[in-house]
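Visitor: I have a model open and would like to learn how to read it. Where do we begin?

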Amino acid sequence: MKQWERNIRKVVPYVPGEQPNKKDMVKLNTNENPYPPAPGVEQVLRGFDADMLRLYPDPTVKLLVEELAGFYSLSKDQVFVGVGSDDVLAIAFLTFFNSERPILFPDITYSFYPVWSDLYRIPYETQPLDQNFRIIKEDYYKENGGIVIANPNAPTSIYEELSVLEDIIQHNQDSIVIIDEAYVDFAGASATQLIGKYENLLVVQTFSKSRSMAGMRIGYAMGNPVLIKAMNDVKYSFNSYTMNQTSILAGVEAVKDVAYFERCRNNIIKTREKAVSTLRELGFTFPQSGANFIFATHMLIPAKEIFEELRNNNIYVRYFNLPRINNYLRITIGTDEEMERLFVFLHQFIRNYSK
Ligand SMILES: *Cc1c(COP(=O)(O)O)cnc(C)c1O
């Protein structure tokens, strides 16, 4: 190894799901929303005055921060906006996890958590989920340098009741607890309602799933003003202008259209509940989903085989070749038509398989 090579930071990067772009494909592999963003988003983009790009965008992201604060009944100093929740979570790790003690998160969860930990040299210790992929809350009653929990969890889809999270937050008032709520709009109550009660709680959400804007890259964190200010201080020590002008304006329109948001969300939940019964009939089992995907295993056929056969037929789902979950498929909920194509294919494949 050359001397200069020794000084390169070595990291094993996060691997995002593949983004094929084929005619006629059914793409159910990265938990994107099958419906377009709110109509106001398209209007803003069509009417966008390119001359505005001469100027730097507002570093405080005031318009979007205010819109989100209004939506969640918070004050402006309780909201931080970033370039997708991946950016927001990375800044939160950098800002809050500076202890010698390890941070804690489940062994099966969003696979970016260990990657940021390594990147920022944050010690961590994973806590095994139980056999049914549920969080054992007592595992988090030990000394730590911080906690991060996805709820609903990825890729299991399981939503833990707020009482479980509150118990963990309550037992850890000397640490910062981050709840990653990328999928909470498809589940139940959000931990945002605990923000007034616990100053050590940070809730992170995204426009990528329930708001159909994965391509725009908008995420946000909510918590007490001391936490939000600390995140902004780190952001301004890094890059003041993370949010571009178009994202800010488009994001505002998405939040404003509450009726459209509710309609898309309800459609996905309806399609998910239909998928639950069809997948059961096809011989799959899975935990109850609180997300826009189902984490399913088949009673006869190995997940890897199903994954590959689907892929050969232009139907993309996600498969993780990882301990404990290598016999599961993560299937994003698409439109009714997309799900129908998946079911027709699975029906045939499974019937021929047993022959
Ligand atoms: C999708 C996802 C994110 C990241 O979403 P962004 O597109 O970066 O906003 C964060 N956490 C979990 C658990 C996710 O599934």
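**Reading rings, sheets and a buried strand residue**

Guide: Start with two residues, F105 and Y113. Both are buried. Keep in mind that this is a predicted model.

Visitor: How are the rings of F105 and Y113 arranged, stacked or edge-to-face?

Guide: Look at the angle between the ring planes; over 60 degrees counts as edge-to-face. For F105 and Y113 the planes stand at 65 degrees, so this pair is edge-to-face. Their ring centres are 5.7 Å apart.

Visitor: How many aromatic pairs does the structure hold?

Guide: There are 24. Another is F207 with Y220, where the planes are at 85 degrees, so that pair is edge-to-face too. Its ring centres lie 5.7 Å apart. This pair links distant parts of the chain. F207 sits in the loop between β7 and β8, while Y220 belongs to strand β8, 13 residues apart. F207 and Y220 are both buried.

Visitor: Which residues form one aromatic cluster?

Guide: F105 and Y113 are in it, along with Y14, F93, F97, Y110, F112, W116 and Y124.

Visitor: Where does the charged end of R211 sit?

Guide: It sits over the ring of F261, 4.1 Å from the ring centre. The charged end of R211 also sits over the ring of F71, at 4.9 Å from that centre.

Visitor: Now the sheets. How do strands pair in general?

Guide: Strands of a sheet pair through backbone hydrogen bonds, in parallel or antiparallel fashion. Here, four strands make an open sheet, ordered β9-β10-β13-β12, with antiparallel pairing.

Visitor: Which strands stand at the edges?

Guide: β9 (284-285) and β12 (318-319) do. Each has a single partner strand, so one side of each is left without a neighbour in the sheet. β12 is joined to β13 (residues 329-332) by two bridges. Across that pairing, Y319 stands opposite L329 of β13.

Visitor: Which helix packs on the sheet?

Guide: Helix α11, residues 336-353. It touches β9, β10 and β13. Its direction makes about 145 degrees with that of β13.

Visitor: What is V81 in contact with, leaving aside its neighbours within four places in sequence?

Guide: Its contacts include V61, L64, V65, L68, I218, Y220 and M243. As for M231, it is 150 residues from V81 in sequence, yet the C-alpha atoms are 9.8 Å apart in space.

Methods: Residues are numbered from 1 along each chain as its sequence is written. This is a predicted model: local features need pLDDT of at least 70, side-chain atom pairs count only at pLDDT 80 or more; totals for chains, interfaces and linings use all residues. Side-chain values use heavy atoms; hydrogens and water are left out. Rings of Phe, Tyr and Trp (its six-membered ring) pair if their centres lie within 6.5 Å; planes under 30 degrees apart count as stacked, over 60 as edge-to-face and the rest as tilted. Buried means under 20% relative accessible area, exposed over 50%, partly exposed in between (1.4 Å probe, protein chains only). A charge sits over a ring if NZ of Lys or CZ of Arg is within 6 Å of the ring centre and within 35 degrees of the ring normal. Two strands pair if DSSP finds at least two bridges between them. Contact means heavy atoms within 4.5 Å. Axes are lines fitted to C-alpha atoms, for helices over the stretch in contact, and angles run from 0 to 180 degrees between N-to-C directions.
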